[in-house]
Amino acid sequence: MHPRDQTIFALSSGRPPSAIAIVRVSGPQAGPALTALGGRIPPARAVTRMLLRDASGRPLDDAVVLWFPGPASATGEDVAEFHVHGGRAVLASIFAALSALENMRAAEPGEFTRRAFENGKLDLTEAEGLDDLIHADTDRQRRQALRQLKGLLGDKARDWRARIIEASALIEAGIDFSDEGDVPAELIAPALERIKALVREIEEVLAAQGQSERLRDGLVVAIAGPPNVGKSTLMNQLARREVAIVSPHAGTTRDVIEVQLDLDGYPVTVIDTAGIRETDDPVEQEGVRRARARAAEADLVLWLSDATNKEIEHDGAAPVWLVRNKIDLDSAGRPMAEAVGQARYGISAKSGDGVLELIAGLVGFAQDYFGASEGGLITRVRQRQLLVDTTVSLRRSIDVAGQGEELTAEELRVAAHCLGRLLGRVDVEDVLDVIFREFCVGK
């Protein structure tokens with residue numbers, strides 16, 4: 001039997017032990033599984049209490065079960081759910097009883113969602129939204145993923161694809177009736193107007209998104225600078241816990257330290273790097289090399305300095321903010337502005353003075369960087385690229401209109417194909433495994 005025709009099962013709730021655990025079963029043997037363990041198939045979509053037993057009749061657990069006959073189920077197949085007590089021994093006995101049934105096997109990561117996709121219960125953008133929702137760490141990530149799961153981009157793409165097909169039908173009708181005098185002109189002109197309007201609409205979506213797809217991965221901020229200027233102390237201030245060793249000795253930080261932060265709903269990865277200086281220590285040299293490399297890859301660099309270190313040594317493409325530290329030590333008797341000098345921010349990483357202002361600046365940078373992510377439709381690079389490819393083909397269909405209706409029709413077919421790939425309805429086998437293997441088991 002083909003693996004897709006087998007019935008699958010998995011734990012679809014949190015890691016045991018837990019108060020309640022949900023074991024989901026999907027496939028043609030879901031009904032027989034209910035009969036084998038519970039003695040009968042309960043009414044559809046009704047909560048039913050059952051004493052589950054194994055093949056020898058020994059009790060397994062007192063459980064609540066649910067029955068969802070296909071196609072009216074999450075996967076489009078027959079689905080059974082066993083809500084059991086979440087102890088490891090209970091789950092092991094349930095899994096053993098299910099494994100003993102014919103054509104029944106444990107599910108692979110993302111296999112329930114993949115079956116839902118293959119059975120038309122959701123398109124690929126909605127499946128990606130579900131994956132993003134599972135892995136959302138901040139409230140903004142959650143809201144963006146929920147919009148995707150609701151199908152907002154998919155609905156747009158389906159509408160755009162339908163309009164391309166309508167325009168294509170007009171073009172091809174003009175080809176079919178090319179011997180009818182002025183009929184082609186009457187058909188092609190309105191088709192080209194529709195295409196132009198569609199190009200403007202898709203390009204507006206692309207322009208409004210900013211870096212919204214990066215919200216999934218978050219912003220990377222590197223703290224860089226010479227040794228002993230307080231980089232690790234600032235890292236601990238931002239994390240509100242001791243994640244980096246603070247020492248007065250130069251070269252304490254030898255490797256890159258990362259911490260994940262939630263700044264006003266924006267996911268931010270802050271990197272504490274080794275102090276950048278010339279050294280003969282081979283271990284510290286490697287730390288400096290890694291520090292330079294990570295700072296070059298960051299989206300923003302906070303170059304930390306004090307009164308004795310004012311030069312920025314960074315050659316990456318990311319913007320660099322000069323942050324003056326230790327203002328509590330060098331500003332005695334001087335105005336704050338004079339102590340800070342040309343730095344964007346003046347702080348005391350030790351006492352926390354000025355750190356809130358720096359955090360507010362980071363939030364503002366994130367808002368500008370991610371753009372209109374609150375209403376963003378695009379959440380992945382794959383989606384953006386396919387929309388760009390769509391607009392390229394649409395524009396090309398307009399440009400070649402004077403060279404022949406056949407060329408315009410072909411470019412429209414390419415554009416419709418791109419949107420089909422976006423939805424996962426045509427020619428996407430090469431990306432399905434990549435997308436669904438990121439899911440957790442049981443989803």
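Helices (H or I, at least four residues) and strands (E, at least two) are DSSP runs, numbered from the N terminus. By that definition, the protein chain holds 15 helices and twelve strands. This is a predicted model, in which local features need pLDDT of at least 70 and side-chain atom pairs count only at pLDDT 80 or more, while totals for chains, interfaces and linings use all residues. Residues are numbered from 1 along each chain as its sequence is written, and side-chain values use heavy atoms, with hydrogens and water left out.

**The chain as a whole**

- Of the 443 residues in the protein chain, 49% count as buried; buried means under 20% relative accessible area, exposed means over 50%, and partly exposed lies in between (1.4 Å probe, protein chains only).
- Contact means heavy atoms within 4.5 Å. Among the contacts in the protein chain with a separation of 6 or more, 61% are between residues 24 or more positions apart.

**The six-stranded sheet**

- Strands of a sheet pair through backbone hydrogen bonds, either parallel or antiparallel.
- An open sheet of six strands runs in the order β3-β4-β5-β2-β1-β6, with mixed pairing; two strands pair if DSSP finds at least two bridges between them.
- The edge strands, each pairing on one side only, are β3 (48–53) and β6 (104–106).
- From one strand to the next, the twist averages 30°. For such values, axes are lines fitted to C-alpha atoms, for helices over the stretch in contact, and angles run from 0 to 180 degrees between N-to-C directions.
- Six bridges link β3 to strand β4 (residues 59–68) in the antiparallel sense, and R49 stands opposite V64 in β4.

**Helices on the sheet**

- Helix α1 (residues 30–38) packs on the sheet and touches β1 (7–11), β2 (18–26), β3, β4, β5 (79–86) and β6. The direction of α1 makes about 70° with that of β3.
- Helix α3 (residues 111–118) lies across β1, β2 and β6, and runs at about 135° to β1.

**T48 in strand β3**

- T48 is found in strand β3 and counts as buried, because its relative accessibility is 9%.
- The T48 side chain reaches the backbone oxygen of A46 at 3.3 Å. A polar contact is a pair of N or O atoms within 3.5 Å; within protein, one must be able to donate a hydrogen and the other to accept it, and residues adjacent in sequence count only if both atoms are side-chain atoms.
- Leaving aside neighbours within four places in sequence, T48 is in contact with R40, P42, P43, A63, V64 and V65.

**Backbone features in the loops**

- The peptide bond from P16 to P17 is cis, with omega near 0°; P17 lies in the loop between β1 and β2.
- G70 and P71 are also joined by a cis peptide bond, with omega about 5°, and P71 is in the loop between β4 and β5.
- R45, a residue other than glycine, has a positive phi near 55°; R45 belongs to the loop between α1 and β3.
- N103, likewise not glycine, has a positive phi near 55°. N103 is placed in the loop between α2 (88–99) and β6, and is partly exposed, with a relative accessible area of 27%.

**Helix pair α4 and α5**

- Helix α4 (residues 124–134) and helix α5 (residues 139–149) pack at an angle of about 155°, with their axes 7 Å apart.
- The two helices, α4 and α5, are therefore roughly antiparallel to each other; angles under 35 degrees count as roughly parallel, over 145 as roughly antiparallel, 65 to 115 as roughly perpendicular and the rest as oblique.
- The crossing of α4 and α5 is left-handed, a term used if the near helix is turned anticlockwise from the far one by less than a right angle, with right-handed for clockwise.
- T125, E126, G129, L130, D132 and L133 of α4 make the contact with R142, A145, L146, Q148 and L149 of α5.

**E128 in helix α4**

- E128 has its place in helix α4 and is buried, with a relative accessible area of 1%.
- E128 and T379 are 251 residues apart in sequence and 8.6 Å apart in space, C-alpha to C-alpha.
- The side chains of E128 and Q383 are joined by a polar contact of 2.6 Å.

**Helix pair α13 and α14**

- Helix α13 (residues 381–399) packs against helix α14 (residues 405–423) at an angle of about 170°, with their axes 8 Å apart.
- α13 and α14 are therefore roughly antiparallel to each other, and their crossing is left-handed.
- Residues of α13 including Q383, L386 and L387 meet residues of α14 including L412, A415 and L419.
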